[in-house]
Amino acid sequence: MTIDDRPAAVNAPIPVAPGDIPTLARRVTDRLAGTTACAALPGDLAAVVETCLALALAPPGAGRETVLRRLRATAAGWAREGIPLDTVNHVMFEAVEVGVDLALADAGRPTPHGIHQAATGMLALLDIVTGTVSQAYVEELRAVIGAHHDAVHTLTSALLGGRGAAAMARECGVRIAESYTVLAVAIGRHRDPGGPPAAEQHRDPLRRVQAELTARGRGAALALLSTTGGTVLLPAGALTDDEITRLVDGLTRAARTPVTAALIQADTADIPRAADEAHDLLDMVLRLGGGPGLFRFAELALEYQLTRPGPGREHLVSLLDPLDHHPELRETLSKHIATELNRRRTAAQLHVHANTVDYRLERIAQLTGLDPRQPSDLWQLRSALVARTYRHRGV
């Protein structure tokens with residue numbers, strides 16, 4: 001049943017004739033004068049009260065629809081004014097309560113049946129009023145938020161494109177900061193076979209991520225996000241380093257799937273370059289198997305430089321060519337470095353004996369000419385593993 005399908009209160013539970021509604025509405029407004037309720041809503045409160053009282057007497061049909069239309073238009077105006085919905089509903093309740101009270105007082109000493117009838121009528125009226133007001137309020141609020149979101153989306157695109165941001169910021173009512181924290185974000189994908197269709201499942205994490213970003217970013221975050229990730233701009237100083245770390249952790253919890261982010265600081269004019277670097281850094285982290293969590297450029301500067309195109313990277317890549325036909329040796333080298341050269345932990349991860357790890361390290365030394373048990377050779381082998389993640393990927 002929709003709001004408009006709800007039955008009208010039967011048998012005129014509020015004992016007042018239609019012609020007396022304007023007079024009763026003014027009396028209600030006088031009773032509310034000077035109260036918080038009266039001051040909470042802009043505009044003519046008497047007209048609103050009159051509309052609410054008219055609903056009590058309007059039977060289903062065109063006349064009732066006209067009254068509901070007036071109430072919807074008023075509620076939409078309150079949404080545009082930014083009046084909180086709980087305040088709106090509180091005022092509606094007080095207005096109906098006072099109206100019923102005054103009407104009963106005019107009717108003389110009520111009988112138990114009359115009291116029951118009036119109480120039932122007041123609840124029915126409140127059901128219709130709060131439902132109509134809330135629905136119209138939320139619909140208008142969604143439209144306002146949607147328009148603002150589109151404008152902010154355009155502003156973020158302008159900042160990332162390095163063009164026309166100042167004019168768009170004025171239109172959005174957003175102040176452009178002198179510098180920003182640029183976050184490149186990757187949202188992991190998952191699928192629940194027993195859940196909704198795939199497209200819907202991917203939208204749900206994005207909605208939760210956007211809500212978390214708004215809450216933890218204190219409304220200052222500018223974002224271009226899709227179901228797989230995107231870019232977030234935070235005004236410098238809006239969040240501390242610890243808060244940014246907690247923000248990314250919160251995004252993972254909200255998405256219920258791993259979220260990985262790479263961070264770079266930049267002046268506003270340098271945002272396009274910084275965004276490209278942040279996404280390059282994020283791409284490198286993902287290729288190296290990193291995440292979830294937050295990664296800063298300073299922590300991965302060496303790895304980043306090793307992956308840049310050029311003869312240096314090609315030389316590093318070629319160091320491991322002798323292992324191309326020995327995937328178990330390359331895996332052993334990678335695990336051994338990841339376990340900080342602990343042969344027993346390496347063996348446990350590979351499900352082999354520690355002596356097998358020793359044998360494989362010896363074979364790596366024989367084939368490549370670089371001994372992973374020697375610090376100077378190990379550094380080159382580790383660098384080669386990093387650079388090799390970019391082989392055959394068109395980068």
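Tutor: Let's start with what an axis is: a line fitted to C-alpha atoms, for helices over the stretch in contact, with angles running from 0 to 180 degrees between N-to-C directions. Helices here are DSSP runs (H or I, at least four residues), numbered from the N terminus. This is a predicted model, where local features need pLDDT of at least 70, side-chain atom pairs count only at pLDDT 80 or more, and totals for chains, interfaces and linings use all residues. Residues are numbered from 1 along each chain as its sequence is written, and side-chain values use heavy atoms, leaving out hydrogens and water.

Now look at helix α13 (residues 327-338) and helix α16 (residues 375-388): their axes are 11 Å apart, at an angle of about 110°. That makes the two roughly perpendicular, a label for angles of 65 to 115 degrees. The crossing of α13 and α16 is left-handed, meaning that the near helix is turned anticlockwise from the far one by less than a right angle, while clockwise would be right-handed. Where they meet, α13 brings Arg330, Leu333, Ser334 and Ile337, and α16 brings Leu378, Leu381, Arg382, Leu385 and Arg388; contact means heavy atoms within 4.5 Å.

α13 has another partner, helix α14 (residues 343-350), and here the axes come within 9 Å and cross at roughly 130°. This crossing is right-handed.

Technical notes
Parallel < 35°, antiparallel > 145°, perpendicular 65-115°, else oblique.
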